[in-house]
Amino acid sequence: MIVYKSMKEIEIMRQSSQIVARILSGLKEMIVPGVETRELDLFAESEARKLGAVPAFKGYRGYPASLCVSVNEEIVHGIPSSRQLKEGDIVSLDFGVVYEGFYGDAAITVPAGVVTEEARRLIDAAERGFFRGWQEFREDNRLSDISAAIQAEVEQAGFSVIRSFVGHGIGRNLHEEPQVPNFGHPGHGPKIRNGLALAIEPMIAAGNWEVEILDDGWTAVTKDRSLAAHYEHTVALTDSGAEILSLDPKDAEKLSAWRTVDA
Ligand code: MF3
Ligand code: CO
């Protein structure tokens, strides 16, 4: 069952999502060679608590940290540790909080220092996949229109979309119905309507889409060990149209660029 949100509830989700945006923006500045991934986790958790929010992932199905930090061939759910980032790494940061009963969830992929051309293109393709999918997030479209648009955009760039992890509904729970795959044929699934809140999150690989889970039970890596990238936002359809609730105000121009492109 899909739980549609009232405008009041979306207002709270906007606040939780903006807490996430603000913390991701701070984390982005910390992505330099030499930083330990656990320092990022400590920052995320303490900033969230300062802002009156509770980290969403810690303890979720036994996940041991507040932040997911996935480096290079790691796709999602990388566990923060004493690992130091190196020049040339690409680093996915996935963070969520619960604030006044509602969740916000977002992810970005950030280069550490100078990275290869392929790595830059991959990061860009994950973002483009998100924005292309988001263009389809409008009244009376169907859910799989988002999925198909993401897949087309990513594959056009020469990359593949991960199959075994998907986006999701979000609200009073971190994961709600419906699932939002990053692949599929258009025209299927529920109609998009007012009050729908989703986490849309392309996870993509430079090589094949097959996944392996490391012995820690969490870290998902590409089977071929090719680079992976992740980009995620919490979005909602409100009385005033489609909104990216977790958009960093600094990224507003990205949004306007995609608004003017015809779908
Ligand atoms: N953004 C991820 C998701 O939507 C984060 C979940 S990590 C977990 O699934 F540790 F909480 F599982
Ligand atoms: Co998510």
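Analyst: One term before the strands come up: two strands pair if DSSP finds at least two bridges between them. Helices (H or I, at least four residues) and strands (E, at least two) are DSSP runs, numbered from the N terminus. This is a predicted model, where local features need pLDDT of at least 70 and side-chain atom pairs count only at pLDDT 80 or more, while totals for chains, interfaces and linings use all residues. Residues are numbered from 1 along each chain as its sequence is written, chains are lettered from A and ligands numbered from 1 in the order in which they are written, and side-chain values use heavy atoms, with hydrogens and water left out.

User: OK. In β13, which residue is the bridge partner of I204?
Analyst: A229 in β13 is the bridge partner of I204. Three bridges join β10 to β13, and these strands run antiparallel.

User: What is the order of the strands in that open sheet?
Analyst: The order is β6-β10-β13, with antiparallel pairing. The edges are β6 (160-161) and β13 (228-230), each of which pairs on one side only.

User: Switching topic. Which residues are the protein donors of the cobalt ion (ligand 2)?
Analyst: They are D105 (OD), H168 (NE2), E201 (OE) and E232 (OE), at 2.1 to 2.3 Å from the ion. Donors here are N, O and S atoms within 2.8 Å of the metal (3.2 Å for Na, K and Ca); water is not among the atoms, so sites may look incomplete.

User: And how are the donor residues spaced in sequence?
Analyst: The spacing is D-x62-H-x32-E-x30-E. D105 lies in strand β5 (residues 102-111) and E201 in the loop between β9 (197-200) and β10 (203-205), so this pair ties together parts that are 96 residues apart in sequence.

User: Is D105 buried or exposed?
Analyst: D105 is buried, at 2% relative accessible area. E201 is buried too, at 6%. Buried means under 20% relative accessible area, exposed over 50%, and partly exposed in between (1.4 Å probe, protein chains only).

User: Back to the whole chain. How many helices and strands does the protein chain have?
Analyst: The protein chain has five helices and 15 strands. Its radius of gyration (over C-alpha atoms) is 17 Å, close to the 18 Å from the globule rule for 263 residues, so the chain is as compact as a globular protein of that length. That rule is 2.2 Å times the number of residues to the power 0.38.

User: What share of the residues is buried?
Analyst: Buried residues make up 56% of the 263 in the protein chain.
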